[in-house]
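Please keep the sequence and the structure at hand while reading.

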Amino acid sequence: MTTERVDIAVIGAGFAGIGAAWQLIAHGYDDFAVLERGDEVGGTWRDNTYPGAACDIRSDLYSFSFAPNPGWSTAYGQQPEILAYLVRVSRQHGIRDHIRFGTELQSATWDGDAGRWLLETSRGAMSARVLISGHGLLVDPHRPAIDGLDSFGGPVFHSSQWDHSVDLAGKRVAVIGTGASAIQIVPAIQPEVGRLLVFQRTPPWIVSRRDHRTSSLRRRLFAGVPAVQRAVRSLIFAEYDARWLGFVHPRVGAVVERLSTRHRDAQVRDPGLRARLTPDYRIGCKRVLVSDDYYPAIQRENVDYIDDPIERIEPHAVVTADGRRHPVDVLVLATGFDATRPRIADRIVGAHGETLAHAWRDGMFALHAATVPAFPNLFFLHGPNAALSHNSVVVMIEAQVRYAIDALDRMGGAGVDAVAEPTQDAMARYESGLQRALAKGVWTRGGCTSFYLDANGRNTVIWPRSAIAFRRSVRRFDPGEYTITRAAGPARVP
């Protein structure tokens with residue numbers, strides 16, 4: 001069987017992969033392939049089809065800067081509309097010609113002699129000089145370690161793998177978890193189910209969403225005068241980026257806590273329930289959620305709000321630590337993702353024959369959230385410590401794509417057999433500064449545990465500064481932080 005050769009391989013056709021493909025085309029890099037395991041683009045927004053699925057960042061900002069959409073129907077995009085946007089972008093910009101649908105990466109091994117990545121995919125072998133990973137952090141569903149979970153006799157599915165063949169009408173449905181997905185699912189299915197049981201481990205901080213339909217006047221103005229839409233996007237970006245202050249300055253965070261408390265108190269009249277819904281940690285320590293309909297939903301007559309810990313699951317019931325049996329027909333696991341231990345790391349083998357998972361055994365790390373020592377010509381988009389608590393991840397992805405493009409340009413351009421690998425010294429300096437900044441923020445000092453923290457208690461997910469600061473940090477590829485070689489020896493890099 002022949003091995004397909006490409007200059008650049010991109011993993012995934014979600015926001016990251018599509019953004020990378022567009023910029024590669026725009027900068028003259030035509031010899032590339034996007035490996036997509038699904039049969040359509042979209043990534044998270046293709047896979048997460050649970051009832052109520054929507055974004056918690058304004059639509060104006062949760063979109064590509066190169067592909068503005070003047071026609072968003074609501075202030076916050078719903079899953080079907082976001083997916084349709086990504087499909088449209090992939091079609092309008094010639095990206096689909098580069099996508100290999102139904103092609104899942106099974107392994108990627110660096111061949112030092114050839115200076116290329118050897119890829120095994122579900123559709124055969126490939127090789128690429130450069131590997132760009134658009135594999136996000138919120139991809140691998142987390143299945144909780146609850147005693148007896150596998151013994152449950154009814155349908156069980158994770159929120160990101162919603163089973164639409166299961167009819168919830170009149171059923172007793174348990175939603176385990178009260179995170180970002182759960183607070184959208186609960187209001188969406190509450191009117192339909194017979195009984196809804198919401199199992200909370202830790203109450204979240206919730207702020208008002210204030211979603212609304214956009215006016216036809218706004219849509220016409222944005223379509224007719226793109227400069228107005230760009231200006232609005234810039235204003236919304238500035239507003240969101242200012243929220244970073246609340247995560248690093250306790251006094252600013254306290255103001256946001258008061259706003260969240262007022263929102264809860266206005267919607268929850270019962271003082272006992274209010275107390276159960278009150279977090280015992282600082283706002284921002286966990287992901288801050290946005291909703292106007294979650295609190296009303298859990299107070300409906302057909303909803304049981306349960307904050308006693310789950311002790312075990314039986315074939316037809318959930319048993320809590322107080323000894324109560326809660327009969328259940330369907331289990332929904334709204335239990336998040338394994339963000340700090342991405343499974344794709346087991347499939348990538350670097351220059352020294354070790355997997356990326358082994359290199360990350362004590363916690364994820366990457367220089368500028370993009371590159372890892374001993375893994376040459378590998379670039380991450382939305383990599384370690386590139387997620388935000390306060391702004392659009394699309395902004396971060398676009399900045400990282402530009403960084404990767406600058407690296408390719410400085411390596412010599414398309415078709416040049418150059419190899420770039422970050423130095424250990426550069427990695428150590430970057431990681432030291434990053435962890436010092438993280439230590440000052442609420443993510444590690446706020447009194448909670450969260451998916452931001454790995455098993456060692458290190459925050460390997462969140463960027464601790466503003467989005468503007470991140471864009472500045474990756475504005476230019478610095479050859480001084482890398483060893484760059486060609487077959488004939490060290491390369492001179494401009």
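A residue is termed buried under 20% relative accessible area, exposed over 50%, and partly exposed in between, with a 1.4 Å probe and protein chains only. This is a predicted model, in which local features need pLDDT of at least 70 and side-chain atom pairs count only at pLDDT 80 or more, while totals for chains, interfaces and linings use all residues. Residues are numbered from 1 along each chain as its sequence is written, and side-chain values use heavy atoms, hydrogens and water being left out.

Aromatic pairs are found 17 times in the structure. Rings of Phe, Tyr and Trp (its six-membered ring) pair if their centres lie within 6.5 Å; planes under 30 degrees apart are stacked, over 60 edge-to-face, and the rest tilted. W110 and W117 make an edge-to-face pair, at 5.4 Å centre to centre and with 65° between the planes. Both W110 and W117 are buried.

F247 and W443 count as stacked because their planes lie at 5°, with ring centres 6.0 Å apart. This pair links distant parts of the chain, 196 residues apart: F247 belongs to helix α7 (residues 245–248) and W443 to helix α14 (residues 442–445). Helices here are DSSP runs of H or I with at least four residues, numbered from the N terminus. F247 has 8% relative accessibility and therefore counts as buried; W443, at 1%, is buried as well.

One aromatic cluster is formed by F15, W22, W45, Y62, F64, F66, W72 and Y85.

Charges also meet rings. A charge sits over a ring if NZ of Lys or CZ of Arg is within 6 Å of the ring centre and within 35 degrees of the ring normal. R209 lies over the face of Y76, 4.4 Å from the ring centre, and R243 lies over that of Y240, at 4.1 Å.

How values were computed. Helices (H or I, at least four residues) and strands (E, at least two) are DSSP runs, numbered from the N terminus.
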